Amino acid sequence: MTRFLTLGEIMIEMAPAPDSPGLFRLGYAGDTFNTAWYARRLLPTPWTVSYGTVIGDDAMSTDLAQFIERQGVATDTLRRIPDRTVGLYMIQTRDGERSFSYWRGQSAARTLADDPDWLDTIFKDRAVIQFSGITLAILTPEARKTLCAALGRARAAGSHIAFDTNLRPRLWDSAEAMRSGLLQGAAVSDTVMPSFDEEQLAFQDATPEETVQRYRAAGASCVVIKNGEAPCHGWSQTDGTVTCTPPDVARVVDSTAAGDSFGAGFLAAQAMGANLGTAMTRAAHLAAEVIQHPGALAPQIFETGETS
């Protein structure tokens, strides 16, 4: 199998226009789509990379589908429904860190798990299926169960399921619902990729080792912990415990998609047979390049060969 799928929500992005205070530029982004975008550029041509989501039947949804195709990401896993549209968010940036305002009440992606047969169809024969904590958070509790059940079936059929915990506490009904949802997602996953600062917030972890142990207990065979400028911690059944120190970055321009690109770098390397340490190193180097450029998607680093 050489088919890579990410699953979630892609939204309209209104970002500040460079050198034009008060003006915003329209784009599209979403955590799991960002991962698909980077994976498409890292995986060799025989691989296909698809994005699974639900969009509306309006003009903005059509524009979004066309945007996905232009990025080289396949749209065979899009589903359209009437009377819905896509979500929107607006960005403000200060000192390289972003803050967000969201409008997603009519987002079609909230119906992602309403059709279990469709999920089984798009999951069939995928080498890798990646989803995130945001993918789970936008769904109702019953829909989360439906999605995780479908992911469990795909895992049993041979797909490698990867889960980036990616916490957005405001999307969850409560802290307890968030913790429960994360463990629910981890229970159907082979690889879990949390961020240590988020695990400290959600579970009060004192060390990365505590984070590893929780997701091992949930059933993961590989856990990779992103930790900002500090060393990444990884564990797998085949390679044991590994640490990786990220490259120094003199100036962070925009931290958006740091984790999303790390996930793409890791999963692409893993899919091509790299061991845990090599996959973590490639992922850390990619993320370090991405945060030195504005925006979630950084085509410059592929045009200039900075990822080599």
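Two strands are taken to pair if DSSP finds at least two bridges between them. In the predicted model described here, strand S8 (residues 128-132) and strand S9 (residues 160-164) meet this criterion, pairing in the parallel sense over 5 bridges. Within this pair, serine 132 has aspartate 164 of S9 as its bridge partner.

Both strands belong to an open sheet of 9 strands, arranged in the order S5-S4-S1-S8-S9-S10-S11-S12-S13 with mixed pairing. From one strand to the next, the twist averages 15 degrees. Glycine 234 stands opposite valine 242 of S13.

Helix H2 (residues 59-70) lies across strand S4 (48-55) and S5, and runs at about 170 degrees to S5. Helix H9 also packs on the sheet, where it touches strand S1 (3-7), S8, S9, strand S10 (191-193), strand S11 (222-225) and S12. The direction of H9 makes about 155 degrees with that of S10.

The crossing in which H9 passes H10 is right-handed. On the H9 side, the contact involves Ala258, Ser261, Phe262, Gly265, Phe266, Ala269 and Gln270. The residues contributed by H10 include Leu276, Met280, Arg282, Leu286 and Val290. By class, the residues of this contact comprise 12 nonpolar, 3 polar and 1 charged.

In soluble globular proteins, nonpolar side chains tend to be buried together. The largest nonpolar core of the model contains 55 residues, and those with the most contacts inside it are Phe33, Tyr38, Ile68 and Phe266. Helix H10 (residues 276-290) gives the most to this core, with 8 residues. A second, separate core has 43 residues, among them Trp118, Val192, Ala202 and Ile225. Tyrosine 38, when residues up to four places away in sequence are not counted, touches Ser261, Ala264, Leu286, Val290, Ala296, Leu297, Ala298, Ile301 and Phe302. Of these neighbours, Ser261, Leu286 and Val290 also take part in the contact of H9 with H10.

Individual positions were also examined. Threonine 62 lies in helix H2 and counts as partly exposed, with 27% relative accessibility. Threonine 62 and proline 16 are 46 residues apart in sequence, and their C-alpha atoms are 24 Å apart in space.

Two loop residues other than glycine have a positive phi. Asparagine 166, situated in the loop between S9 and helix H6 (175-186), has a phi near 30 degrees. Asparagine 166 has a relative accessible area of 9% and is therefore buried, the cut-off being under 20%. Glutamine 204 is placed in the loop between helix H7 (196-203) and helix H8 (208-218), and its phi is near 60 degrees. The relative accessibility of glutamine 204 is 56%, so this residue counts as exposed under the cut-off of over 50%.

Definitions and conventions:
Residues numbered from 1 in each chain as written. Predicted model: local features only at pLDDT ≥ 70, side-chain atom pairs only at ≥ 80, totals over all residues. Heavy atoms only, no water. Core = buried A, V, L, I, M, F, W, Y, C linked by side-chain atoms within 4.5 Å. Buried < 20%, exposed > 50% of the residue type's maximum accessible area, 1.4 Å probe, protein only. Helix = DSSP H or I, 4+ residues; strand = E, 2+ residues; numbered from the N terminus. Contact = heavy atoms within 4.5 Å. Left-handed = near helix turned anticlockwise from the far one by under 90°. Nonpolar A, V, L, I, M, F, W, Y, C, P; charged D, E, K, R; others polar. Axes fitted to C-alpha atoms, helices over the stretch in contact; angles between N-to-C directions.
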